[in-house]
Structures are given as structure tokens and as C-alpha cells.
Amino acid sequence: MNTKNNKRRRESQEKIEKAFINLLQTRELKEITVSDIIKLTGLNRSTFYANYIDIYDLADKTRETLENEFTRLFADYDYFNERSGALKMFTHIRENQIFYNTYFKLCYDDRHLISIYDPKRAEKEQIEGNIRYHIEFFRNGLNAIIKLWLAGGCQESPEEMAEVLKQEYRGR
């Protein structure tokens with residue numbers, strides 16, 4: 001019986017996602033095919049289609065998994081209350097570059113980005129009115145900094161990056 005969460009099905013999904021993530025390190029999403037994935041995994045094409053509609057469905061589900069993992073890792077942490085929050089984030093990014101490179105590659109429409117922002121921080125900084133614009137500006141700026149750092153191979157230390165973020169935020 002092929003129930004939704006049985007062990008064999010979960011193992012197949014994990015194999016497919018792992019192969020997909022590996023392929024994304026050297027190819028663009030539009031260049032990856034179901035055939036590529038089944039060759040790497042040794043699974044049948046029917047196994048792929050039993051779990052995913054197509055490559056884009058796999059991409060969406062993989063992105064959701066990565067977002068959930070990010071949220072879980074940082075769920076109990078106050079990111080920008082202290083410098084140590086930014087340091088923890090940049091340290092994690094440096095240690096998990098494949099994770100983050102994959103995540104950003106799967107944000108092919110830029111609607112889904114790492115979304116961390118503490119509204120209490122806005123209150124502390126006395127940002128009034130149009131808070132949604134401030135949050136959007138901050139979120140996109142942070143993602144741009146992370147993408148640029150990843151593209152350069154995370155050459156700067158997490159401490160340097162935390163300082164960059166601190167300077168940019170406080171410079172307003």
C-alpha cells in the first residue's frame with residue numbers, strides 16, 4: 001500500500017530531492033529534466049510522478065522544505081536584537097552554502113525570499129507608518145546582501161557580514 005507517509009515513499013522523495021539539489025548546483029532549473037533525476041536516483045519515472053506533478057512542482061516543494069528548515073532553525077531566536085543574532089545567521093549561511101544557494105535558485109520569481117523581520121525592532125527604531133514598506137525594503141536588502149555574499153563564496157567572515165548589516169541598518 002502506497003500511503004502518503006510510508007517509509008519507502010519518504011525515502012524515494014528524499015532521493016529525488018537530493019538528486020535535484022545536486023543538479024541545481026551546476027544547472028539552472030529550466031535545464032533539469034525528470035529523466036536526469038531518475039537516472040541519478042535509479043527510481044522509475046512512475047515513482048517521480050507519484051510524488052510530483054513535474055519539475056516545477058518538485059522545485060516548489062523543495063523550496064517549501066528549505067523555508068521550513070530555515071524557520072525551524074531560527075524559530076526561537078531574536079535575530080537583530082543584538083549583533084549575535086546576525087552573527088548566528090551569517091555563520092549558519094556560511095556553513096550551509098549549498099542549502100542557501102539552492103534556496104535562492106528556487107526563488108525563480110523572487111516572491112519567496114528568506115523572510116526574517118522582527119516588528120518589535122521597527123517599534124524600537126521608532127518607525128511609524130508605512131511599516132509594510134520598511135519591512136519589504138529590509139527583507140529585500142537582506143536577501144540581496146546574502147545573495148552577493150554567497151556569489152562571492154562567503155569570503156568575508158560572518159563577523160564582517162554582521163557588521164555590514166549593522167552599519168546598513170543603523171545608517172538610516
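Let's start with T102: at 1% relative accessibility, this residue counts as buried (buried means under 20% relative accessible area, with a 1.4 Å probe and protein chains only). T102 sits in helix α6; helices here are DSSP runs of H or I with at least four residues, numbered from the N terminus. Leaving out residues up to four places away in sequence, T102 touches I21, L24, Q25 and L66, where contact means heavy atoms within 4.5 Å.

A quick note on the model: it is predicted, so local features need pLDDT of at least 70 and side-chain atom pairs count only at pLDDT 80 or more, while totals for chains, interfaces and linings use all residues. Residues are numbered from 1 along each chain as its sequence is written, and side-chain values use heavy atoms, without hydrogens or water.

Now for a helix pair.

| Helix | Residues | Contact residues |
|---|---|---|
| α1 | 7-24 | K15, I16, A19, F20 and L23 |
| α2 | 34-41 | D36, I37, L40 and T41 |

The two helices, α1 and α2, pack at about 115°, with axes 9 Å apart; axes are lines fitted to C-alpha atoms over the stretch in contact, and angles run from 0 to 180 degrees between N-to-C directions.

What about the nonpolar core? The largest one has 37 residues, and F20, I37 and F48 are among those with the most contacts inside it. Such a core is a set of buried Ala, Val, Leu, Ile, Met, Phe, Trp, Tyr and Cys residues joined through side-chain atoms within 4.5 Å. Helix α8 gives the largest share of this core, six residues.

Definitions and conventions: Buried < 20%, exposed > 50% of the residue type's maximum accessible area, 1.4 Å probe, protein only.
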